[in-house]
Amino acid sequence: MTDELINVADFGRAAGEKLEPGVAGYFFGGACDEVTLGENVSAWSRWRLRPRVLAGHDEWRTQSTLMGREISMPVLVAPVAYQRLVDPEGELAMARAAAAAGIAICLSTLATTRPAEVASAAPGGRHWFQLYCFRDGGVTRALMEEAIESGFEAIVVTVDAPRGGRRERDLRTGFKIPESLGVPSVQAALGSERAVTIEETFALMDPALGWADLEALATESSVPVLVKGVLTGGDAALAIEHGAAGVVVSNHGGRQLDCVPATADALPEVVEAVGGRGCVLVDGGVRRGTDVAIALALGADAVLVGRPALWGLAVGGEAGARRLLELLRDELELALALCGCSAPGELTSAHVRRAPAASVYSP
């Protein structure tokens, strides 16, 4: 079935038709009026690529280096919670798809599979761990330690969710995460004998996380710590100054505070503030290889894709997720070739500019 789907949008439509309405709303939806949700996608089209011709290349590669290691393309699978809602194998299938595509997966704290199981399912893959911090520091440390002991290469601390956003699609459908699904890594860290609900998990998280807490985490961790949820240059600079190895420009997929900047619009300010002192990644609204190319030209080291990868998983399981990632790689390779670049690292700010503003007299 997935052979008939030729781009990310096709996968999104197919996933929307296949998933039960409540589950579809949970994964497709955003906060409040979903202004930021929509602008995350449209903002990439507010930039224009500036191709160079007669570049003399007859071979192109999408391989890139991220935090000292090569990946097949500068794309990672973003942390998406509760993936077993769309596929029986959930994160296990996603990890295998990412490994087959030669990229890393960032596993959510709210995954339905523990880090050790993911590492075992995709032993040749690259794995990062997205971390929510808990009021009980022992729980936070236990989550980190399991991931690191399982071979995970980086900890990505999400900082834009001191409280959950108002997601009105879920309010309309009455959708609730099934209590039986649980969050096994949190359950293990708590020493609980029963599944821990999402409501219980969020109640245990620390809403008062501060810069000193980040610095302590970065100092304690034996692997690099990145900060996810940064939208301003000021916060990006503070993250680096407090020990972060990098930042992820993110608005939580438009699911937290509505009417914040689209990540494509926030990216240049963050890149300038980091100034090469750490890596810069970006998520939100990436739907095309050209979006990836624009992000790289704006200074990002890589992008993360969440909903698109999940749509691939929902439509075709592991094979569907892998095919979607391969489509993005093919599109990126074509964009590089047509921009006159033989590799992602050749894209610079000279290859991109803001699109002309629409005239008030335009029809």
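## Asking about the buried parts of a predicted model

Guide: Welcome! In this predicted model, tyrosine 82 is in contact with Tyr26, Phe27, Glu91, Leu110, Ala111, Thr112, Ile177, Leu181, Gly182, Val183 and Ile198, leaving aside its neighbours within four places in sequence.

Visitor: Which residues of the largest nonpolar core touch the most other members?

Guide: Tyr82, Leu131, Ile155 and Leu267 do, out of 109 residues in that core. Helix α14 supplies the largest share, 15 residues. There is also a second, separate core of 15 residues, with Ile71, Leu76, Cys279 and Leu304 among them.

Visitor: Why is helix α2 called largely enclosed?

Guide: Seven of the eight residues of α2 (residues 21-28) are buried, so the rest of the structure largely encloses this helix. The buried ones are Gly22, Val23, Ala24, Gly25, Tyr26, Phe27 and Phe28. Their cover includes α1 (8-18), α3 (35-42), α7 (168-173) and α14 (307-339).

Visitor: How do you know whether serine 250 is buried or exposed?

Guide: Buried means under 20% relative accessible area, and serine 250 has 0%, so this residue counts as buried. Serine 250 lies in the loop between β9 (246-249) and α12 (263-274). Its side chain makes a polar contact of 2.9 Å with the side chain of aspartate 283.

Note on methods: Residues numbered from 1 in each chain as written. Predicted model: local features only at pLDDT ≥ 70, side-chain atom pairs only at ≥ 80, totals over all residues. Heavy atoms only, no water. Buried < 20%, exposed > 50% of the residue type's maximum accessible area, 1.4 Å probe, protein only. Helix = DSSP H or I, 4+ residues; strand = E, 2+ residues; numbered from the N terminus. Contact = heavy atoms within 4.5 Å. Polar contact = N/O pair within 3.5 Å; in protein donor to acceptor, adjacent residues only side chain to side chain. Core = buried A, V, L, I, M, F, W, Y, C linked by side-chain atoms within 4.5 Å.
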